[in-house]
Amino acid sequence: MRNYYLITPEGTKDLLFDECIIRREIEGKIHNIFKTRGYCELITPGLEYYDVFNVNSRYFPQESLYKLIDNRGRLLVLRPDSTMPIARVVATRLKDAALPLRLYYNQCVYTINPSLTGRSDQIAQMGIELIGSSSKMADLEVISTAIDVLSACSDDNFSLEIGDVGYFKEMMCLLDVGDDVKENIRYLIEMKNYPALNDLIDSLGDNRVNSALKQLPRLFGGEEVFEKASELFSNSKTDEILSNLKRLYKDISKLNSKGRITVDLGMVNRTDYYTGVIIKGYLAGYGEEVLSGGRYDKLISEFGYDVPATGFAVNVNAISALIAKDNKKRTKPCDVIVFAGAGFEIKAIKLANKMRAKGKVVEMALCDDLKSVREYAKEKNISEIVIVDEDYSGGEKNV
Amino acid sequence: MSKPLRIALTKGRLEKDTVGLLEKMGFDCTAVREKGRKLILQIKDANLEVVLAKAADVITYVEHGVCDLGVVGKDTIMEMNGNFYEVVDLGFGKCRFALAGKKGVDFYGGYGVKTIATKYPNVARSFFEGKGMDVEIVKIEGSVELAPLLDLANGIVDIVETGSTLKENGLEVKEEIANISARLIVNMVSLKLRQKEIEDLIRRIEENLQ
């Protein structure tokens with residue numbers, strides 16, 4: 001049976017010509033942004049042991065992982081994320097390297113999505129990890145880099161959002177309920193499910209923390225959010241978190257002139273290994289975030305090396321899809337076609353190479369006679385034909 | 001005026017209730033009331049573009065961000081899941097999910113694995129997973145009530161409004177699963193990129209619900 005030999009698996013696709021040009025252009029821009037900030041590239045294997053992603057089973061639910069078994073019966077996965085493998089590398093081969101480490105990657109991640117939802121299972125991602133500093137400057141560096149990436153990939157029609165899970169975590173610490181209920185509350189806040197969150201929290205009784213939690217999903221927008229948040233709930237810890245975040249918000253607002261900078265204190269993803277400031281980037285016209293990241297100071301210690309870190313990943317697929325909507329044609333015809341007469345093949349190849357060295361795109365004609373070369377050149381929109389035979393003297397222009 | 005917000009409405013009763021709500025808010029919905037066969041309609045004074053779709057498609061359009069907002073029943077949300085914000089319980093389209101079976105028969109009696117017929121396999125699965133109970137789920141497209149009557153299933157998981165269909169067929173509710181009503185959902189990016197317009201609309205909707 002070979003039912004599936006003409007199609008690609010669900011959630012994957014072939015990229016052709018213009019799609020590749022767009023993808024490589026974006027990659028080039030982002031590479032450049034990362035490189036000029038002193039980041040060094042890392043490539044990790046597409047296959048990893050399941051254990052790398054199983055440090056905390058909540059981060060990567062097993063339903064969403066592509067799994068394989070190696071020749072000794074061990075469980076492997078197609079990497080669902082690049083930060084965990086990089087944490088592994090940092091905690092092993094880079095353990096003695098001078099800090100901070102500035103690392104970047106450009107590789108695919110794989111997730112199993114529910115079928116027929118139109119989502120990609122294979123996503124090209126680029127991202128940075130800044131390892132070894134918990135300073136404010138490190139957060140600023142990562143966020144300003146994120147802004148540069150978003151701005152380079154859109155016509156400045158983007159929005160970057162910052163938050164800090166610490167505010168939410170501190171409130172949850174003060175809440176005297178089981179883990180199940182806490183997870184439920186977190187989920188309802190993440191989904192901004194106001195009605196269900198109200199019902200659940202009302203059932204827990206009325207106090208300061210509870211009424212603040214009810215408002216948490218609404219705490220997003222501009223600078224006014226900070227004031228609202230500190231009115232709702234305040235202790236020494238959250239005050240510090242909020243004032244740091246506010247300072248960061250003001251700083252990056254000064255830095256960025258075009259896109260929009262916003263705050264959301266209700267960003268509380270489950271898959272988070274984040275411990276502090278988190279960021280998300282949105283582009284108009286794409287229904288999900290295209291960039292996400294944040295500070296993950298405890299993650300690398302799961303691999304045995306206690307070092308703070310921060311970073312982000314950007315979804316290159318999403319940006320490509322947005323840019324492809326302009327329907328501009330990007331593939332160009334080649335400049336010259338060289339036709340070799342019998343016995344003049346090597347001479348023709350040498351001549352073609354000479355022209356290529358001058359920057360021309362040169363194709364060799366594979367037809368038997370000049371007439372079909374002319375037809376081919378016309379069809380492919382090639383403007384110049386060069387014939388190499390005994391009376392070769394120069395080029396021939398094709399009209 | 002800026003680009004209109006696009007809202008997907010579940011065709012049928014929820015559409016009518018939503019139009020009623022929008023009219024209560026003072027918007028002129030003539031275009032939607034006299035829609036003919038058109039699927040995309042304008043409510044100019046509200047700067048809204050209305051898209052009419054089947055319930056499950058409302059979620060799909062909102063998730064992908066081609067519609068900013070949607071009105072859809074909690075039943076569809078529970079069955080489909082997905083990533084979007086569920087911001088308002090609109091209060092209309094009320095009914096409930098329930099487990100039902102033959103009248104007078106103890107559903108949980110005996111050792112055998114129970115068979116459940118349903119149009120909502122995900123809702124049924126997560127309900128029984130929550131109980132740590134193995135069941136066999138059979139998806140039925142039409143009248144689910146038939147399945148226990150024909151002895152294909154021990155019970156059904158379905159939407160119950162008044163319970164009269166169950167009663168007429170010798171079935172009864174064994175257990176309530178969840179209350180259902182229409183919800184306003186919002187695409188995650190739209191809420192962030194068009195915060196003010198969407199929050200204004202949500203506020204006006206909430207004011208008109210009480």
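1. Let's start with a pair of helices in this predicted model. Helices α6(A) and α7(A) run roughly antiparallel to each other, because the angle between them is over 145°. In numbers, α6 (residues 194-202) and α7 (residues 208-215) of chain A pack at an angle of about 170°, and their axes are 9 Å apart. If you are wondering about that pair of values, two packed helices are described by the angle between their axes and the distance between the axes.

2. Which residues make this contact? On the α6(A) side, look for A:Leu197, A:Asn198 and A:Ile201. Their partners on α7(A) are A:Asn210, A:Leu213 and A:Lys214. Sorted by class, the contact of α6(A) with α7(A) has three nonpolar residues, two polar ones and one charged one.

3. Now zoom out to chain A as a whole. Its domain assignment gives domain 1, covering 18-324, and domain 2, covering 336-397. How many Å separate the C-alpha centres of these two domains of chain A? They lie 53 Å apart.

4. Next, see where chain A meets chain B. Chain A brings 16 residues to this contact, and chain B brings 14 residues. On the chain B side, at least two residues each come from α3 (55-64), β5 (85-89) and α8 (188-193). Strand β5(B) gives the most to this side, with five residues.

5. One last thing to check is the make-up of the side of chain B that touches chain A. By class, it has six nonpolar, four polar and four charged residues.

Technical notes:
Residues are numbered from 1 along each chain as its sequence is written. Chains are lettered from A and ligands numbered from 1 in the order in which they are written. This is a predicted model: local features need pLDDT of at least 70, side-chain atom pairs count only at pLDDT 80 or more; totals for chains, interfaces and linings use all residues. Domain bounds come from an automatic or database domain assignment. Axes are lines fitted to C-alpha atoms, for helices over the stretch in contact, and angles run from 0 to 180 degrees between N-to-C directions. Helices (H or I, at least four residues) and strands (E, at least two) are DSSP runs, numbered from the N terminus. Angles under 35 degrees count as roughly parallel, over 145 as roughly antiparallel, 65 to 115 as roughly perpendicular and the rest as oblique. Two residues are in contact if their C-beta atoms, placed from the backbone, lie within 7 Å. Ala, Val, Leu, Ile, Met, Phe, Trp, Tyr, Cys and Pro count as nonpolar, Asp, Glu, Lys and Arg as charged, and the others, Gly among them, as polar.
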